[in-house]
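Welcome! Please take a look at the sequence and the structure below, and keep both at hand while you read this briefing.

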Amino acid sequence: MFCYQCQEAAKGEGCTIKGVCGKEPMTAALMDLLMHATRGEAIINRSLRNEGEASLAASRQMVDALFATITNANFDDDAIKAKIEKAFSVKDNLLKTAQARGIALPELDEVLFDASYKDFETIAPSLGILTEQDEDIRSLKQLAIYGVKGMAAYIEHANNLGYEDPKLYHLLEDTLAEVSRTDITVGELVALVLKVGEGGVKAMALLDQANTSSYGNPEITKVNIGVGTRPGILVSGHDLKDLEELLDQTEGTGVDVYTHSEMLPAHYYPKFKKYNHFVGNYGNAWWQQKEEFESFNGVILFTTNCIVPPAKSATYTDRIYTTGSSGLTGAKHIPARKEGQPKDFSELIEHAKRCAAPKEIETGEIIGGFAHNQVIALADKVIEAVKSGAIRKFVVMAGCDGRMKSRSYYTDFATALPKDNVILTAGCAKYRYNKLPLGDIGGIPRVLDAGQCNDSFSLVKIALALKDAFGLDNVNDLPIVYNIAWYEQKAVIVLLALLHLGVKNIHLGPTLPAFLSPNVINVLVENFGIGGISTVEEDMENWIN
Ligand code: SF4
Ligand code: SF3
């Protein structure tokens, strides 16, 4: 196997024996085949679209396949095999349509290739990332692919709430078709990567519209991090529709619902506040789940990434349920909703009733809900604080958390920031500092949490509103520093979105992506001022003081 799509790629180069994330070589090979089949599907659907014959069902299938291959989303080989079979059958139908209409197709391996997963072991080595020989072309192709994987995740959440934009499907298909070209140049790929970033902005805007139209605009909220006395269900991942349906179905059952990791921001939406049994957030970022799921005692529902496969000795494995694009061997999977019907969580709820109440691991509250609408409502106060010098700098510390020890940098950095600096955050990166007593500036908390990783869109909207309020021409003239932590492919699409918007001088850590070749890094440094991180002392000196 070879995979280097996330920040924890082995030795900073790539996982070759087994994924640091727990991905087995068999799963990796199956995912390579799924991506290959999906690319074929995308190429054909693009050709059909040019003749007015595109299949919406094929586009939706592509989104699910892309989402399932992101880091930590799906560890269930049978589920991946089923997706491969589906991809080949969708592709066959597209081929038949193309033949029947006499539509010419590119003579690419992805289009011509027609195999079932059963003989994949012989063909898998010819499908992986390393089959692209040129290091820079490979790097840019994978950068574009990881961007579309992250974008697909956001598109799927928006779709689940009934928001769909076929143009975004077209962008995904065009990108997958372009990266399949054997004659594509470095220049074309750089342009393609920025186009993916443009799509990222649109996908995040669509999801923002879907979330806020469905659940209201996030508002300042204190979230309880302690526990109640009743059995609980812990909901992880990012999908708000799943959470809503689960909350409806658990009402009056004697079971409490808690959020974990990236689901925390659900508490900020007005519509979720009506549920009395939606009691709080349990635990921290995804990577601490092994300990936290043991002590939670109740049932755990993964709506998306990030899953850590449980150890053999874990006592909570049979308490895990997955749904949507997520999957885990040994866990029960809640099937997709049928036309107009909610998902059926009854088995999971019955299971939860038999569990003990969660063990308390901390007490108190955390505060969040500073998405664009709320912060813009506070704009006068914020602008006044900047003009008076009470706020000297905004530091965007959005992104992902992860298990690497070096990530303690982010806790130390947040702690070391001068008291007149405000942190803008989104994504699970916040767990490195959101429980620290960092105080406030004239009533404005020093950590403003906008929400999930996709809510980085809010941070962009806030930055643009500040730019206008201060009468600046360029968003880079604001007193903002970007110190972003990345882990998986959703962070890649957030980064590309920021680049598309012209944001410069982003610092990316804790390490730069293994999939960026030295030449590609040079392009990013020269054109966008992208850089890594150093020590807290040095970075404080260079960026803040
Ligand atoms: Fe390794 Fe990350 Fe790929 Fe998992 S997703 S196999 S940890 S590079
Ligand atoms: Fe976190 Fe996985 Fe990226 Fe959504 S939950 S930010 S790592």
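Leaving aside neighbours within four places in sequence, which residues is alanine 416 in contact with? Alanine 416 touches Val536 and Met540, where contact means heavy atoms within 4.5 Å.

Before we go on, here is how to read the values. This is a predicted model, in which local features need pLDDT of at least 70 and side-chain atom pairs count only at pLDDT 80 or more, while totals for chains, interfaces and linings use all residues. Residues are numbered from 1 along each chain as its sequence is written, chains are lettered from A and ligands numbered from 1 in the order in which they are written, and side-chain values use heavy atoms, with hydrogens and water left out.

**Around alanine 416**
- Alanine 416 belongs to helix α14 (residues 408-416); helices (H or I, at least four residues) and strands (E, at least two) are DSSP runs, numbered from the N terminus.
- Its relative accessibility is 39%, so alanine 416 counts as partly exposed (buried means under 20% relative accessible area, exposed over 50%, partly exposed in between, with a 1.4 Å probe and protein chains only).

**Domains**
- The chain is assigned domain 1 (10-214), domain 2 (221-353) and domain 3 (375-544), with bounds that come from an automatic or database domain assignment.
- Taken over C-alpha atoms, the centres of domain 2 and domain 3 are 29 Å apart.
- Domain 2 gives 21 residues to the contact and domain 3 gives 18 residues.

**The two ligands**
- The shell around ligand 1 includes Met1, Cys3, Tyr4 and Lys23; a residue is near a molecule if one of its heavy atoms lies within 4 Å of it.
- By class, that shell of ligand 1 has eight nonpolar, three polar and one charged residues (Ala, Val, Leu, Ile, Met, Phe, Trp, Tyr, Cys and Pro count as nonpolar, Asp, Glu, Lys and Arg as charged, and the others, Gly among them, as polar).
- Among the residues surrounding ligand 2 are His238, Glu262, Cys306, Cys400 and Glu488.
- The ligand 2 shell has six nonpolar, three polar and two charged residues, and domain 2 and domain 3 each supply at least three residues to it.

**Aromatic rings**
- The whole structure holds 17 aromatic pairs (rings of Phe, Tyr and Trp, its six-membered ring, pair if their centres lie within 6.5 Å; planes under 30 degrees apart count as stacked, over 60 as edge-to-face and the rest as tilted).
- One of them joins tyrosine 146 and phenylalanine 515 edge-to-face, at 4.9 Å centre to centre and 70° between the planes.
- This pair links distant parts of the chain, 369 residues apart: tyrosine 146 sits in helix α6 (residues 135-160), and phenylalanine 515 in the loop between β17 (506-509) and α17 (518-528).
- Tyrosine 146 is buried because its relative accessibility is 2%, and phenylalanine 515 is buried at 2% too.
- Phe2, Tyr4, Tyr146, Trp486 and Phe515 make up one aromatic cluster.

- Helix α2 (residues 56-68) is mostly covered, with ten of its 13 residues buried, including Met62, Leu66 and Phe67.
- Packing against these buried residues of α2 are α1 (25-50), β1 (74-75), α3 (77-101), α6, α7 (166-180) and α16 (489-500).
- In helix α15 (residues 456-469), the buried residues include Phe457, Leu459, Ile462 and Lys467.
- Glycine 471 follows α15 and has a positive phi, near 65°.
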